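Biologist: Hi, I'm new to this one. Could you put it on the screen and walk me through it?

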Amino acid sequence: MDDKVIDSRTSKDGLCIRRRRECLRCGYRYTTYEQIERMDLRVVKRDGMHEALSRDKILHGMMKACEKRPVSMDQLDLAVDEIVAALHADHQREVPSAVIGMKVIEKLQNIDSVAYIRFVSVCRQFQTVDEFIELLRKSERKTAQDALQRKLPLK
């Protein structure tokens with residue numbers, strides 16, 4: 001396809017280049033995104049199996065946790081991009097699935113407390129109801145603490 005680049009910009013996160021292009025034959029304009037090609041990270045599962053790191057799989061898990069919650073796809077996309085970038089920065093070739101789960105948990109805790117609880121309840125595989133109740137109490141305390149910090153004036 002013959003086209004020309006009309007405009008190039010670095011994305012907000014600096015991880016890709018957005019290019020506005022125009023087809024030389026028909027004049028149709030469209031946008032492409034170019035990302036740095038990284039070596040594939042392999043995920044080491046709990047059972048010892050290995051599989052390729054999948055951005056879509058992380059996004060799907062977060063979407064499931066955020067179902068029927070006031071969380072936008074833009075928020076989730078940005079969170080997944082940040083998680084994947086952190087995984088690539090912290091690991092050379094392999095990353096334990098538990099590390100990915102913890103990074104997702106950290107992001108969801110800041111995005112939506114209900115989605116956070118949903119994800120943790122699946123990820124951590126609680127053995128007793130008491131373990132789950134303790135997590136709820138910790139989350140409730142953090143939410144109250146965050147609310148207090150927002151109301152207090154900065155010194």
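Biologist: Let's start with Thr32: which strand is it in?

Modeller: Thr32 sits in strand β3. Keep in mind that we are looking at a predicted model.

Biologist: Noted. Is Thr32 buried, exposed or partly exposed?

Modeller: Its relative accessible area is 22%, so Thr32 counts as partly exposed. The cut-off for buried is under 20%.

Biologist: And what does Thr32 touch, leaving out residues up to four places away in sequence?

Modeller: Thr32 touches Ile17, Arg18, Arg19 and Arg21.

Biologist: How far is Thr32 from Ser8, going by the C-alpha atoms?

Modeller: Those C-alpha atoms are 9.6 Å apart, while Thr32 and Ser8 are separated by 24 residues along the chain.

Biologist: Which way does β1 pair with β2, parallel or antiparallel?

Modeller: Strand β1, residues 3-10, pairs with β2 in the antiparallel sense, over 7 bridges. In that pairing, Lys4 has Glu22 of β2 as its bridge partner.

Biologist: Changing topic: what is the strand order in the sheet with β4?

Modeller: That is an open sheet of 3 strands, in the order β5-β4-β6, and its pairing is mixed. The edge strands are β5 (50-52) and β6 (94-96), each of which pairs on one side only. From one strand to the next, the twist averages 35°.

Biologist: How do β4 and β5 pair?

Modeller: Strand β4, residues 42-44, and β5 are antiparallel and share 3 bridges. Val43 stands opposite Glu51 of β5 there.

Biologist: Now the helices. What do you look at when two of them pack?

Modeller: Two packed helices are described by the angle between their axes and by the distance between the axes.

Biologist: Then what are those values for α3 and α4?

Modeller: The axes of α3 (residues 97-111) and α4 come within 8 Å and cross at roughly 160°. Angles over 145 degrees count as roughly antiparallel, so α3 is roughly antiparallel to α4. Their crossing is left-handed.

Biologist: Which residues make that contact?

Modeller: From α3 there are Gly101, Val104, Ile105, Leu108 and Gln109, and from α4 there are Ser113, Ala115, Tyr116, Phe119, Val120 and Cys123. By class, the contact of α3 with α4 has 8 nonpolar residues, 3 polar ones and no charged ones.

Biologist: What about α1 and α4, how do they cross?

Modeller: Helix α1 covers residues 55-65 and helix α4 residues 113-123; their axes come within 8 Å and cross at roughly 120°. That angle is why α1 and α4 are described as oblique to each other. This crossing of α1 and α4 is right-handed.

Biologist: Who meets whom there, in α1 and α4?

Modeller: Gly61, Lys64 and Ala65 in α1 meet Ala115, Arg118 and Phe119 in α4. The residues of this contact of α1 with α4 divide into 3 nonpolar, 1 polar and 2 charged.

Biologist: Great, thanks for the tour!

Methods:
Residues are numbered from 1 along each chain as its sequence is written. This is a predicted model: local features need pLDDT of at least 70, side-chain atom pairs count only at pLDDT 80 or more; totals for chains, interfaces and linings use all residues. Side-chain values use heavy atoms; hydrogens and water are left out. Two strands pair if DSSP finds at least two bridges between them. Helices (H or I, at least four residues) and strands (E, at least two) are DSSP runs, numbered from the N terminus. Axes are lines fitted to C-alpha atoms, for helices over the stretch in contact, and angles run from 0 to 180 degrees between N-to-C directions. Angles under 35 degrees count as roughly parallel, over 145 as roughly antiparallel, 65 to 115 as roughly perpendicular and the rest as oblique. A crossing is left-handed if the near helix is turned anticlockwise from the far one by less than a right angle, and right-handed if clockwise. Contact means heavy atoms within 4.5 Å. Ala, Val, Leu, Ile, Met, Phe, Trp, Tyr, Cys and Pro count as nonpolar, Asp, Glu, Lys and Arg as charged, and the others, Gly among them, as polar. Buried means under 20% relative accessible area, exposed over 50%, partly exposed in between (1.4 Å probe, protein chains only).
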